[in-house]
Amino acid sequence: VVSFGMTTPKTWTPETYERLVLLHAAPFPPEPFRSFHFNKLRAMLFVRMRVGVQLDSDQFVAPGIDTVFELTEREITKDYPYPILPVHFLDRNPLDELSIGNNVKYWPRYCPKGGGVCPRQSARWGHAHPTWTHWALPFLGRWVRSNFWDETLPKGPTMPALRILDVPEDEDLLNAALWEEGATKQWCKFDVPGPGDFEGWLHRQPGMDILPDKRFHKIGAPKVFYTAHGATDPDVS
């Protein structure tokens, strides 16, 4: 666990959590142009792990999650030195409500003709629960630096330039960076959207499907019940 806060719960003691490794770091100074969530990318760099699976504090894990470490070590290598994200339950694109409502500025670089056609998008939008090995650390370092130094990606014959500070969140930057470098690998949905998804699985009933898209997952994406997102109510999770 990496804490970017002032204090941690008093209940987090070595006697209670014998296997907990707790690291502390100062967060970014409060700035309107840089999200607190970029601390997640910083954490991936300084924990010095050979193989890592990053989850949010509102996720719980189920039996089987350790399988992801073995798969990550197999897939992220010298020949494929990029993090791998699980597929998002949403098909993010220039026409979705989040992109329009937040006036997202990066889509024209990947979808130069508009209309949701994105030839420079090398994989479906991924959820910011990345897995990585030490082979991916140079990639992470390059893109965290690009945010720190306020770099701008140069324009090309059919694509506009892109100021990295116009990529507002860690999830946006991870996706854009992976597209820039032509990454193609993606995990199935091992971080199901919420604890309620487990109910259908446990009772052998159909649950909510992962939305399909026209290019990468035409019939939807598979779910694996290793972890659940949005686990904020202990009575549910």
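Me: Which residues line the second largest cavity?

Reply: The model is predicted: local features need pLDDT of at least 70 and side-chain atom pairs pLDDT 80 or more, whereas totals for chains, interfaces and linings use all residues. Residues are numbered from 1 along each chain as its sequence is written, and side-chain values use heavy atoms, with hydrogens and water left out. On a 1 Å grid over the protein atoms alone, a cavity is a set of points where a 1.4 Å probe fits but cannot get out, a pocket is an open set with protein on both sides within 12 Å along at least five of seven lines, and lining residues have an atom within 4 Å of a point. The lining of the second largest cavity consists of Leu41, Phe139, Leu140, Trp143, Val144, Leu173, Leu174 and Ala177.

Me: Which element gives the most to the lining of the second largest cavity?

Reply: Two elements, α5 (137–148) and α6 (170–180), each give two or more residues to this lining; helices (H or I, at least four residues) and strands (E, at least two) are DSSP runs numbered from the N terminus. With four residues, the largest contribution is that of α5.

Me: How many nonpolar, polar and charged residues does the lining of the second largest cavity have?

Reply: Ala, Val, Leu, Ile, Met, Phe, Trp, Tyr, Cys and Pro count as nonpolar, Asp, Glu, Lys and Arg as charged, and the others, Gly among them, as polar. By these classes, the lining has eight nonpolar, no polar and no charged residues.

Me: What is the volume of the largest cavity?

Reply: The structure holds two cavities of 30 Å³ or more. A volume is the space filled by probe spheres set on grid points, which are joined across faces, edges and corners. The lining of the largest cavity includes Trp125 and Trp179, and divides into six nonpolar, four polar and two charged residues. Its volume is about 70 Å³.

Me: Which element gives the most to the lining of the largest pocket?

Reply: The largest pocket holds about 1,700 Å³ of space and is lined by 39 residues, with Val1, Val2, Leu55, Asp56 and Ser57 nearest its centre. Elements giving two or more residues are β1, α1 (39–46), β4 (60–61) and α6. The one that gives the most, with four residues, is α1.

Me: What is the volume of the second largest pocket?

Reply: This pocket is lined by 13 residues, and Asp91, Asn93, Gly116, Lys214 and Arg215 lie nearest its centre. The lining divides into four nonpolar, four polar and five charged residues. The volume is about 320 Å³.
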